[in-house]
Amino acid sequence: MRKRISTFIAACLYYSGLITLARWWIRRSAHHLVILNYHQATGGDLRRHLLYLRRHYRILHLEAAMEELSMPSKHGKRVGDRRTPLVLTFDDGYYDNYTHGLALARELQMPFTIFLTPGYTESGDYFWWREGNRLVSHTQVGEATIEGRIYHLDRPKERNRLAEAILTRVCQATSVAERQEFLRVVRQALPVSPSVAPEEKPALPLKWAEVREMEESGWVSFGVHTMHHPILAYLTDPTEVQREVEECRTMLEQQLGHPVRTFAYPIGQLQHIGDNAIRAVQKAGYEWAFTTLYGFNTPRSDPHLLRRIEVDVSQHWLVMAAETAGFWGLFSRLRWISAMRKAPYRENKALHPPSKILEGCDPKPLRP
Ligand SMILES: [Zn+2]
């Protein structure tokens, strides 16, 4: 229902000409950069999104766009294409970015950047925010005991409860080792077949051969997104934060054979990033770091807190068009203000259940 309402409002904005007006307004305010943040490339009509964006924006490689933004005087006399520059980014490194994203990038000649999680590229494991849900959905056991609590899995409600409990636990882990150990116990309690179903493949991590092939195509560039995708603000040991931020770059640089300059915070809202992570990124010497704070970037933007607009391939292209033009910022800000009035986040974490937190990472609700 919410999706239909969003599409209806977006259609009103589009067909009334307000989106065109907003695009014109952004264009006339010089030196704005729009950065979109996708995750998976399948599950919707990415081609339709890209055709709209290619028509109305000047699509750039991320690093070229950042250089242009940081040195506007050098690029200020640019003539010809006066459309607002826009960059496409995809977080995490899903397999469908290779199968679907690369094909579209080649066909439509539109570059994009993937913020990769090298720990997963290396291991090939399911991403942690998907694994509990997968185990609960696929296991054949009728009963499981997790952390002292018995779940009767023949009852759908109990399956949902268990999936949510696993997600809560992995989300709130205070170290990667703690999360891995918990998942090891869960895998033992919920055995599943090791084979991968065809419908699961698009959500698996990219492999190194695919990463290299994508980069060699010239259409895809890579930044990093930590080694294991922890929620950085929840890590209690600052040295682990530093390690997560730095080791991923070393591994990716070894694979690609050139320096990596860009970083994206996992689940990039400020309360999930934390001050330690911002300091770690600065100390590591990244030139640019990207959040999922909504908004446009200007030459005055903090290079380690750059903004991105979260979109999703499952959205109707009209909704994506409205968000990209700045309308959804208004709606989300209004929602945020009313939520903060009711319950400030820092005072009551329980009001942000894991599925809500993970919207920033994986927009699809995780339900068995
Ligand atoms: Zn992510």
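Tutor: Leaving aside neighbours within four places in sequence, L162 is in contact with V136, I146, Y151, L153 and L190. The model is a predicted one. L162 lies in helix α9, residues 156-171.

Student: What makes L162 count as buried or exposed?

Tutor: Its relative accessible area is 0%. Buried means under 20%, so L162 is buried.

Student: How far apart are L162 and V136 in sequence and in space?

Tutor: In sequence L162 and V136 are 26 residues apart. From C-alpha to C-alpha the distance is 7.4 Å.

Student: Why is T262 called buried?

Tutor: The relative accessible area of T262 is 1%. The cut-off for buried is under 20%, so T262 is buried. T262 belongs to strand β8, residues 262-264.

Student: Which residues does T262 contact, leaving aside its neighbours within four places in sequence?

Tutor: Among them are L62, E63, F115, F222 and G223. The list also includes V224, Y286, W288 and F290.

Student: What makes β1 and β3 a pair of strands?

Tutor: Two strands pair if at least two bridges are found between them. Strand β1 (residues 34-38) and β3 are joined by 5 bridges, so they pair. The two run parallel. One of the bridges sets Y38 with F90 in β3.

Student: How do you know that β2 and β3 pair?

Tutor: Strand β2 (residues 58-59) is joined to β3 by 2 bridges, and at least two are needed, so these strands pair. They also run parallel. R58 stands opposite P85 in β3.

Student: And how many bridges link β3 to β4?

Tutor: There are 4 bridges between β3 and strand β4 (residues 112-116), in the parallel sense. In this pair D92 stands opposite L116 in β4. The chain goes from β3 to β4 through helix α6 (residues 95-108), a right-handed β-α-β crossover.

Student: What describes the packing of two helices?

Tutor: Two packed helices are described by the angle between their axes and the distance between the axes. Helix α3 (residues 46-56) and α6 pack at about 35°, with axes 11 Å apart. Their crossing is right-handed.

Student: Which residues of α3 and α6 meet?

Tutor: L46, R47, L50, L51 and R54 in α3 meet L104, E107 and L108 in α6. The residues of this contact divide into 5 nonpolar, no polar and 3 charged. Arg and Glu count as charged, so R47, R54 and E107 belong to the charged group.

Student: At what angle do helices α1 and α14 cross?

Tutor: The axes of α1 (residues 2-15) and α14 (residues 317-324) cross at roughly 65° and come within 8 Å. This crossing is left-handed.

Student: Which residues form that contact?

Tutor: In α1 they are S6, T7, A10, A11, L13, Y14 and Y15, and these meet W317, L318, V319 and A322 in α14. The contact has 9 nonpolar residues, 2 polar and no charged.

How values were computed: Residues numbered from 1 in each chain as written. Predicted model: local features only at pLDDT ≥ 70, side-chain atom pairs only at ≥ 80, totals over all residues. Heavy atoms only, no water. Axes fitted to C-alpha atoms, helices over the stretch in contact; angles between N-to-C directions. Left-handed = near helix turned anticlockwise from the far one by under 90°. Contact = heavy atoms within 4.5 Å. Right-handed = clockwise from strand over helix to strand, strands pointing away. Buried < 20%, exposed > 50% of the residue type's maximum accessible area, 1.4 Å probe, protein only.
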